[in-house]
Amino acid sequence: MNINLRFGMHGDIQLIHDQKDLIDGLVIPGHILAYQAASTSVFITSMFDKYYVIDPMTFILQNPKGVHLNDKGNLRPSVGKLINLYYPPLIEKLDDLEIDSKFRPHHIDDIDEFCKNVYEFQMTIVKNESKSSKASKYLDRYKRTKPTKPKYIIPPYFRFSDLSDPWYDFTLECAKITLNLSKLPVYPVISCPARSLNTELIDRISNDYSEFKGVVIWIDNMNEIATTSDEIQKVKNLLGKLSKSEKIIEVLYGGYMLMATCKDFLHSISHGILYTQHKSYEMTPGGGGVPERYYIPKFHEFRSMSQTDLILHKHPDLICDCEVCQAIFHGNPDNIIKFRDNPDLLRQHFLTVRRRECTSLESMGVDLLKANLQKTYDDYHDSTSQLPNPDAFLSYSKMRGLEYLIEWNNGI
Ligand SMILES: [Zn+2]
């Protein structure tokens with residue numbers, strides 16, 4: 001299974017370069033590439049030994065009008081840039097929308113033009129921008145750069161709730177139009193919530209997308225810690241059905257649970273460095289800063305630094321044995337404080353552990369996988385769920401336990 005890192009912030013560029021052996025490829029969000037075109041393009045060309053794809057992020061258009069506007073009531077620059085590139089008539093149409101209404105498929109009245117623009121953007125931007133005059137100031141940063149084409153093209157796509165949602169047909173039409181246009185392979189993104197995945201929908205998806213060699217699945221807002229075994233099974237059914245036609249299946253926004261459940265069907269998984277293991281289509285792109293957190297390898301989940309502190313003091317055997325953590329902790333949980341001075345090490349630790357998880361899953365049978373999850377639950381659930389929650393100390397509540405491991409086990 002490949003790990004495709006979802007690019008998020010320019011502040012991570014140095015880290016990605018240093019740790020590039022831990023990843024296989026990059027997913028570049030279109031709004032970041034459009035808005036910071038020269039610097040992002042030069043970064044991509046400097047990673048020429050890794051493949052990349054450009055996520056066109058067209059689902060952003062499904063947000064209510066208010067989400068597209070900043071505090072002053074102006075169109076957010078990153079969204080404005082995307083609309084101008086993909087379908088400029090939408091700028092005027094946005095003016096006519098009420099603040100809480102959304103675009104509908106009919107607002108994109110020239111679907112061929114829209115698909116062509118989204119395609120051209122992916123085909124040309126990196127090459128053009130890395131030669132632009134703006135690029136020269138970033139070029140010095142890297143020893144070598146070389147523009148390459150994306151590994152495949154992603155057609156415009158939108159999240160749908162079920163088959164009656166007009167965005168389902170619109171997304172499929174965009175995929176077919178793009179397939180006719182494209183000189184590169186085309187992998188459509190299919191995005192819906194797990195609860196919608198009944199047999200009828202799974203059969204339709206499998207039929208409707210039969211002519212594509214690859215697809216990218218995004219289960220909307222599938223938080224691995226909160227998901228149910230029923231939802232996990234539905235996702236597994238979809239991927240199992242698609243894999244029967246020997247498609248290449250990639251997943252956007254996933255973590256250990258999806259990797260473990262679908263390891264036999266999945267070609268690659270993608271996520272951010274410490275965040276975006278799941279994502280809702282309703283989230284505003286480019287939110288503010290987020291607190292640092294630590295990935296506890298045995299738990300296969302992130303905890304806040306203050307929760308991790310308590311958990312590791314209670315169970316020093318949970319201290320990770322990767323090179324990063326050995327150098328930080330020297331076996332003493334008090335040393336967790338050292339991450340504060342060098343938060344990049346939290347990212348380095350996570351990428352190291354994720355690569356290990358990926359490798360170990362490849363040779364692990366389902367029985368052992370399930371036994372491991374059960375043992376982690378048995379060993380740590382009770383004591384973890386009795387610890388005070390330092391992130392909510394005023395309410396005297398306890399920390400969340402590891403119930404999710406049981407859901408995973410039942411789903412797998
Ligand atoms: Zn570690």
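This is a predicted model: local features need pLDDT of at least 70, side-chain atom pairs count only at pLDDT 80 or more; totals for chains, interfaces and linings use all residues.
Let's start with Y138, which touches A38, S39 and V42, leaving out residues up to four places away in sequence. Y138 sits in helix α8, residues 136-139. Is Y138 buried or exposed? It counts as buried, because 22 other C-beta atoms lie within 10 Å, and the cut-off for buried is 20 or more.

Now let's walk through some strands. β1, residues 2-6, pairs with β7, residues 268-271, in the parallel sense, over four bridges. If you want to find that pairing on screen, look for L5, which stands opposite H271 in β7. β1 also pairs with β2, residues 25-29, again in the parallel sense, this time over three bridges. There, N4 has G25 of β2 as its bridge partner. Moving on from β2, we come to β3, residues 51-55, and these two are parallel as well, with five bridges between them. V27 is the residue facing V53 of β3. How many of the five residues of β3 are buried? Four are, so to speak the strand is mostly covered.

As a general remark, nonpolar side chains tend to be buried together in soluble globular proteins. Let me pick out V215 from that list. Setting aside residues up to four places away in sequence, V215 touches Y187, P188, I190, Y209, L242, K247 and I249.

Next, a helix: α9, residues 166-181. With 16 residues, α9 reaches 23 Å from its first C-alpha to its last, close to the 22 Å expected at 1.5 Å a residue. Which residues of α9 are buried? They are Y168, F170, T171, C174, A175, I177 and T178. For anyone thinking about spacing, an α-helix has 3.6 residues a turn, so residues three or four places apart point the same way. Part of the cover over the buried residues of α9 comes from α7, residues 111-129.

Let me turn to a few loop residues. P193 lies in the loop between β4 (189-192) and α10 (199-208). P193 counts as partly exposed because it has 18 C-beta neighbours inside 10 Å. Beyond four places in sequence, P193 is in contact with S161, I219, D220 and N221. Take D220 from that set: it is 27 residues from P193 along the chain, yet their C-alpha atoms are separated by 4.6 Å.

N221, another of those contacts of P193, has a phi near 55°, a positive value in a residue other than glycine. Where does N221 lie? You will find N221 in the loop between β5 (214-219) and α11. With 17 C-beta neighbours inside 10 Å, N221 is partly exposed.

E246 also has a positive phi of about 55°, although it is not a glycine. E246 belongs to the loop between α11 and β6 (248-252). Why does E246 count as exposed? Because 8 other C-beta atoms lie within 10 Å of E246, and the limit for exposed is 12 or fewer.

Last topic, the two domains. The domain assignment gives domain 1 as 2-271 and domain 2 as 293-411. Their centres, taken over C-alpha atoms, are 30 Å apart.

Notes
Residues are numbered from 1 along each chain as its sequence is written. The expected span of a helix is 1.5 Å times one less than its number of residues. Two residues are in contact if their C-beta atoms, placed from the backbone, lie within 7 Å. Domain bounds come from an automatic or database domain assignment. Two strands pair if DSSP finds at least two bridges between them.
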